[in-house]
Amino acid sequence: MPEGDAVWRSCRSLHRALAGHELVRGELRVPQAAAKSLAGRTVLEVVPRGKHQLTRLSDGLTLHTHLRMDGVWKIVGAGDRTPGPAHQVRVLLATAEKQAAGLRLGMVDLVRTADESSVVGHLGPDLLGDDWDASVAVANLLEFPERTIGEALLDQRNLAGIGTIWRAETLFAQRVNPRTPVGEVADLAALVTKAHDLLLRAIDVETWREQRWVYNKAGRPCPRCGTGIACDEYGPTTQERLVWWCPRCQPT
């Protein structure tokens, strides 16, 4: 699933392509909104909220989308062939110059901008947002001190934007084992601050590629001590996710 940095870059691309322009086509190809056309409205801005995307329109409506596991936006010129395959397009937004197709989107909702909290109000502070507050993230995590830090970091109600990639990299950077209970993490403030710093750096794609120390590197040597990177899958039933760590640098 795309994480906060990838969603941020996607929103930046959409904003650059659409903001300030009137939609000549605005199709929502999902059952709950298929009859609603957005044509004639002007796109004010496209902003991320954790892993969610909010496209705000001139008439007080917001298009809320989420990429989930394999969703993607593709942007092409107005005269180009609409990105496809057509049966995977859930949203099509077109101006006189650009068209943006949202393929395989996991969530598509149209809400009043004043009511955005109905779709993103449950989220904790956004690691890449103006509302980022490390103290609030720490307080949220400590509500369930017996929960493992690996599970708690993926709970978007605690802090929004982190997924399996930045969970693994953050815990490695702080030398914390993913199965450590939240209440036993020596410095939660430093840990969430590290997550914030890593995602900020990851906005640059090249930096993101350079700083992957353990994610998806099972069996390869730890960049610090040379021990083979371990990998396992755990979490609540139906929410199990892969996690990578160094058994020596991040002991249980």
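Student: Which strand holds His52?
Tutor: This is a predicted model: local features need pLDDT of at least 70, side-chain atom pairs count only at pLDDT 80 or more, and totals for chains, interfaces and linings use all residues. Residues are numbered from 1 along each chain as its sequence is written, and side-chain values use heavy atoms, leaving out hydrogens and water. Helices (H or I, at least four residues) and strands (E, at least two) are DSSP runs, numbered from the N terminus. On that basis, His52 lies in strand S3.

Student: Is His52 buried or exposed?
Tutor: Buried means under 20% relative accessible area, exposed over 50%, and partly exposed in between (1.4 Å probe, protein chains only). His52 has 7% relative accessibility, so this residue counts as buried.

Student: Which side chain makes a polar contact with the side chain of His52?
Tutor: A polar contact is a pair of N or O atoms within 3.5 Å; within protein, one must be able to donate a hydrogen and the other to accept it, and residues adjacent in sequence count only if both atoms are side-chain atoms. Contact in general means heavy atoms within 4.5 Å. Neighbours within four places aside, His52 is in contact with residues including Val7, Val47, Met107 and Leu123. The polar partner, at 2.8 Å, is His64.

Student: In what order do the four strands of the sheet with S3 run?
Tutor: Two strands pair if DSSP finds at least two bridges between them. Here the pairing is antiparallel and the sheet is open. Strand S2 (43-49) and strand S8 (107-112) are the edges, each pairing on one side only. The order is S2-S3-S4-S8.

Student: Which residue in S8 stands opposite His66?
Tutor: Strand S4 (residues 61-66) runs antiparallel to S8, and six bridges join them. Opposite His66 stands Met107.

Student: What angle does the direction of helix H1 make with that of S2?
Tutor: Axes are lines fitted to C-alpha atoms, for helices over the stretch in contact, and angles run from 0 to 180 degrees between N-to-C directions. Helix H1 (residues 4-18) packs on this sheet, touching S2 and strand S3 (52-57). The angle with S2 is about 175 degrees.

Student: What is the strand order in the open sheet that contains S6?
Tutor: This sheet has four strands with antiparallel pairing. Its edge strands are strand S1 (25-28) and strand S5 (72-77). The twist averages 15 degrees from one strand to the next. The order reads S1-S6-S7-S5.

Student: Which residue in S7 is the bridge partner of Leu93?
Tutor: Strand S6 (residues 89-94) and strand S7 (residues 98-103) pair in the antiparallel sense over five bridges. The partner of Leu93 is Ala100.

Student: What angle does H1 make with S5?
Tutor: H1 packs on this sheet as well, touching S5, S6 and S7. Its direction against that of S5 makes about 30 degrees.

Student: How many residues of helix H5 are buried?
Tutor: H5 covers residues 164-173 and is mostly covered. Among the buried ones are Trp166, Arg167, Leu171 and Phe172.

Student: What kind of aromatic pair do Phe172 and Trp213 form?
Tutor: Rings of Phe, Tyr and Trp (its six-membered ring) pair if their centres lie within 6.5 Å; planes under 30 degrees apart count as stacked, over 60 as edge-to-face and the rest as tilted. Phe172 and Trp213 sit 5.9 Å centre to centre, with 40 degrees between the planes. Phe172 is buried at 2%, whereas Trp213 at 26% is partly exposed. The pair is tilted.

Student: Which residue pairs with Tyr215?
Tutor: This pair is edge-to-face, 4.7 Å centre to centre, with 70 degrees between the planes. Tyr215 lies in the loop between H7 and S9, and the partner is in strand S10, 29 residues apart. Tyr215 counts as buried at 17%. Its partner is Trp244.

Student: What separates the C-alpha atoms of Val243 and Arg112?
Tutor: Val243 lies in strand S10 (residues 241-245). It is buried, at a relative accessible area of 1%. Along the chain, Val243 and Arg112 are 131 residues apart.
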